[in-house]
Structure formats: structure tokens, C-alpha cells
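This report describes how the parts of one protein model are arranged and packed. Please keep the sequence and the 3D view open while reading.

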Amino acid sequence: MLINEFGEIGIDGAMLSASKDQQNNKNIFIKEVPGGCMCCTSGLPMQMALNLLLAQAKPHRLLIEPTGLGHPKEVLQTLTQKHYQDVLDVQATLTLIDVRKLDNEKWRSHPTFREQMQIADTVVVTKSDLYTHDHADSLSDFMTELKVSSTPVTYAAQGEIDIQLLEQTSSFKTRFQTGHLHHHPKSENPNASIVAPEHGVLKVNNKGEGYFSRGWLCSAKQKFDYYQCQQLLKALDVDRLKAVINTDQGVIGFNIADGIFEENQLSGTEDTRIELLTNNEEKADYFADIIEQTLCLNE
């Protein structure tokens, strides 16, 4: 699996690698491309991570998950380059959507979100078991607006997606012209995965697509108070937060998405990684200060 996330710290890979399912299945290999849209960080980091993953794992199937702010057209453009034609058989692109987000104009009008819908071979409606009323009309109207009303739609409950959806042939080459379609400023750290310091804390910031991230990578020697971390992170009013923290109660994964706070026990990782994401720079700095002061991350 090749994973990309907006922040520079690389928490998704740490969470998945430390999950019980991953610990029990040594046939799953994970590589990360940190720092935003994987196709735009000069293009090279994605290709390096992909080449290494293909060489080491020799996978029967490769799943690629770009950041929610990622541009799938450029990712597919990279995968369909000539030097990958004898190596990769590019199949279906699935776009996951929580249809409740269509009530928010910020999501409906965001160019990246619209592009992700337009590129899909199948649209997968997620979290449908949590909906309190039928959103089918909203989705239909939105897809008509994007001129993709003929794209198949399927529903997923409890995170279960039919594996057969991945067996479809990709329609990318017949539907879209190649060529880099957008531009990002060059990442401050385009080529290297960030390694935890032997002592202390490393802080890394990122920005783009109207969002700002603040992240911390702490030495494996540091151990934090579980209850303090829980109460601190639970109170943060941010768009997104991910953390893998080495606490006195074990390694805990914390997650905030759509205002919902979750945590779970992890294993197989030692360093602490915390990252928040919000669309307001002052707000990002404000909550970053609270985290640093409460957990003494400046020491």
C-alpha cells in the first residue's frame, strides 16, 4: 500500500503499521509519501516510494491512497507513464464520499474535491449506516452538476467495500488528457522521510490547498501521560487531528475527523507523532501553542 498525507510527519503509515491487523499480517507492505499531494512534491518522492515498494514487496495488488487534498489525475498520469506499462496494470479508481458533506458549500465548491469525483470509475458512499435521512437526491444533483451522472454509485456500511470494485478497468486514458494540471509550491522537505530525533522534539509545518498543518515528531525515549493527552486532544476544535503517542498506558492512536474523537490501542511503534490540520493559520498556531505548552514539546 502506498499512502500519502498532507502533513510532513507521516502518521497514517505509523497508525496502519502499528495496527493489530498489520501486525498479524506480514504480507502487507506500507510505504509513505509525506508532504501533501504525492504527485506534486517534485514527482520524485512518489516514484521513489513506489519503485521501492514494488521492488521489495512484489505485490499482487497495489492500493494507493492519496491525501484528501490530493489530485488523482496527476497520480494516474504518473502510473500510466511508459516505464510502468510493463509493471503496473492500472485498474479502478474509487472516490469515497460522505454525502453529508454536500450540505457544506466549502466541500461542494472545492476544486480538488470536484476533481476526485470526476476521476472516479466508481463513487463509494461511505458511512451510510450513520445517515439519519436519505441523501441520494443531493448526490445525484451534485454528480449531474459535475457531468458524471453515469458513474456507478455504491454504498459502504461499517467501512466494508466490495473487493470486486477494484477489478474494473481504469477509464483514465480514454476520459482525460495527460499533462500536469495544477501547481503547488515546492515542499520544504521534498525527498526525505522525517526521522524521529534521538532526543527532544522535531516540529514540521506544511501549508497548501487553503490548509495549514502543525506536526511534532518526538524521541522514542519520551513517554506521555495518557489521561493528559486524551483530555488535551479531545478538546481541540480543529478540522483534523491524528496522533500516535507513546503513553504510560501503552501506544495510543488518537483521531479527530468531522468533529468525532476516536482512540485505539496500537503496538509496534515507539516514537510519538502528532499532527493537526485546519484551514485557518492563526487557529493552527493557537492550538499548536496549547499542545506544545501542555505536553512540554518545546523542551
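## Basis of the description

The model is predicted, so local features need pLDDT of at least 70 and side-chain atom pairs count only at pLDDT 80 or more, whereas totals for chains, interfaces and linings use all residues. Residues are numbered from 1 along each chain as its sequence is written, and side-chain values use heavy atoms, with hydrogens and water left out.

## Overall make-up

The secondary structure comes to 10 helices and 12 strands, where helices (H or I, at least four residues) and strands (E, at least two) are DSSP runs numbered from the N terminus. Of the 299 residues, 48% count as buried; buried means under 20% relative accessible area, exposed over 50%, and partly exposed in between, with a 1.4 Å probe and protein chains only.

Among contacts with a separation of 6 or more, 71% are accounted for by residues 24 or more positions apart, a contact being heavy atoms within 4.5 Å.

## Helix H6 and its two partners

Two packed helices are described by the angle between their axes and the distance between the axes. Here the axes are lines fitted to C-alpha atoms, for helices over the stretch in contact, and angles run from 0 to 180 degrees between N-to-C directions. Angles under 35 degrees count as roughly parallel, over 145 as roughly antiparallel, 65 to 115 as roughly perpendicular, and the rest as oblique.

The axes of H4 (residues 72-79) and H6 (residues 111-119) come within 9 Å and cross at roughly 50°, and the two helices are therefore oblique to each other. The contact joins Pro 72, Lys 73, Glu 74 and Leu 76 of H4 to Glu 115, Gln 116 and Ile 119 of H6. By class it has 3 nonpolar, 1 polar and 3 charged residues, where Ala, Val, Leu, Ile, Met, Phe, Trp, Tyr, Cys and Pro count as nonpolar, Asp, Glu, Lys and Arg as charged, and the others, Gly among them, as polar. H4 itself is mostly covered, with 7 of its 8 residues buried, including Lys 73 and Glu 74.

H6 and H7 pack at an angle of about 90° with their axes 10 Å apart, and are therefore roughly perpendicular to each other. Phe 113, Arg 114 and Met 117 of H6 meet Leu 139, Phe 142, Met 143 and Glu 145 of H7, and the residues of this contact divide into 5 nonpolar, no polar and 2 charged.

## Helix H10

The 15 residues of H10 (residues 281-295) should span 21 Å at 1.5 Å a residue, and the end C-alpha atoms are 21 Å apart, which agrees; the expected span is 1.5 Å times one less than the number of residues. The buried residues of H10 are Ala 284, Phe 287, Ala 288, Ile 291, Glu 292 and Leu 295. Seen down the axis, these buried residues fall within an arc of 140°, so they line one face of the helix, the arc being that of the directions from the helix axis to the C-beta atoms.

The buried residues of H10 pack against strands E7 (201-208), E8 (211-218) and E12 (272-278) and helix H9 (226-234), while the face turned away from the buried side carries the exposed Glu 282 and Gln 293.

## Two single residues

Thr 151 lies in the loop between helix H7 (136-145) and strand E6 (153-155) and is buried, with a relative accessible area of 10%. Leaving aside residues up to four places away in sequence, Thr 151 touches Ala 120, Asp 121, Thr 122, Val 123 and Met 143.

Lys 234 has its place in helix H9 and, at 48% relative accessibility, counts as partly exposed. The C-alpha atoms of Lys 234 and Ile 256 are separated by 7.9 Å, although the residues are 22 apart along the chain.
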